[in-house]
Amino acid sequence: MHGEYKVPGGKLVVVDLEVVDGSIQEFRLAGDFFLEPDDALPLIDQTVDGLPATTDAAGIAAAVRSALPEGAVLLGFTPEAVGIAVRRALSRASTWQEYDWEIVHEGPISPNEHLALDQVLTEEVGAGRRGPTLRIWEWDEPAVVIGSFQSLKNEVDPAGAAKYGVEIVRRISGGGAMFMDAGAIISYSLYVPTDLVQGMTFADSYAYLDEWVIEALKSLGIEAYYQPLNDISSTKGKIGGAAQKRLGTGALLHHATMSYDMDGQKMVEVLRIGREKMSDKGTTSAAKRVDPLRSQTGLTRAEIIDRLIGTFTKLYGAREGHVTEAERARARELVDTKFATREWLERVP
């Protein structure tokens, strides 16, 4: 069995092993990480050898840590990364490069149609009718997208939304509200088989699925990093956040929104951003919470999107794709029967 795990912001961890009579055998660790002293590597191999194949990632990490000699230095990886790689091998997880990726970047549609497409395309991947896909959003009207479990009245100021003509919609994933002014943010969705994140916790999968974005932002000169659980951040402030939904059909939706040119004053008039959330982010002014990509790069939104697409293609290989007419028709049906209904929007009043 073979397993790989690219540590977000770090190195590649590779493991090979067999399972004999319910235990891990012939275990070998490799990768482009750094480890001192040299003889720590066979010590890790020896301690994982013989562990029950049912050992979880935390248990494997604890065993690795106990095997390390005093003063050992691990650079680019951790014992936890070894645990994840082992679990990925045992669960026969897939890798990015195993798939024929499509990138969809089409013209603007309504916010509710974007949300409906997220459900439809995730279902299509789960059913095997569509390959893994990255989709970049375009829209030409302002909206607030609230998380599946958020209270409508607690998150949005209706007077502020009416003042600026902001539509209020609800997505199928959890997480917090997003203020989406036209041309002011960059949003994307990934529709992937759950095999891609086998062996990972939900928390680990967030950073793993957005690692390509961090690399793209760094190539633009942004000191970007992932802030658990689901924030894309930089040394100059938060850039955006991600959310996920697993449909139980063998596929998951992972989508993220990053600020390009945020009007902070408008945002705080539309969103009810509580003091507790602001203090958790270490800020005193909600209008200053999100640091736009425009101020850090000086590039147009289109240029940044081009870099994102280019980085993804370079790393994983991808071809241009499109939403099919059948998929679009199904999405529009879902807009009418679900996403645009008061019942869905007010499911948590």
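Predicted model: local features only at pLDDT ≥ 70, side-chain atom pairs only at ≥ 80, totals over all residues.
**Notebook: helix packing**

Residues are numbered from 1 along each chain as its sequence is written, and side-chain values use heavy atoms, without hydrogens and water.

I then checked the geometry. The axes of helix 2 (residues 57–67) and helix 3 (residues 79–90) come within 7 Å and cross at roughly 130 degrees. I listed the contacts (heavy atoms within 4.5 Å). Ala57, Ile60, Ala61, Val64 and Arg65 of helix 2 meet Pro79, Glu80, Val82, Gly83, Ile84, Val86 and Arg87 of helix 3. By class I noted 8 nonpolar, 1 polar and 3 charged residues.

Next I took helix 1 (residues 40–48) against helix 2. Their axes come within 9 Å and cross at roughly 135 degrees. This crossing is right-handed. Leu43, Ile44, Thr47 and Val48 of helix 1 touch Ile60, Ala63, Val64 and Ala67 of helix 2. I noted 7 nonpolar, 1 polar and no charged residues there.

Last, I checked helix 4 (residues 111–127). At 1.5 Å a residue, its 17 residues should span 24 Å, and the end C-alpha atoms are 25 Å apart, which agrees. Of those 17 residues, 14 are buried, so helix 4 is largely enclosed by the rest of the structure (buried: under 20% relative accessible area, 1.4 Å probe, protein chains only). Just after helix 4, Gly128 has a positive phi of about 80 degrees.

Note on methods. Helix = DSSP H or I, 4+ residues; strand = E, 2+ residues; numbered from the N terminus. Expected span 1.5 Å × (residues − 1). Buried < 20%, exposed > 50% of the residue type's maximum accessible area, 1.4 Å probe, protein only. Axes fitted to C-alpha atoms, helices over the stretch in contact; angles between N-to-C directions. Nonpolar A, V, L, I, M, F, W, Y, C, P; charged D, E, K, R; others polar. Left-handed = near helix turned anticlockwise from the far one by under 90°.
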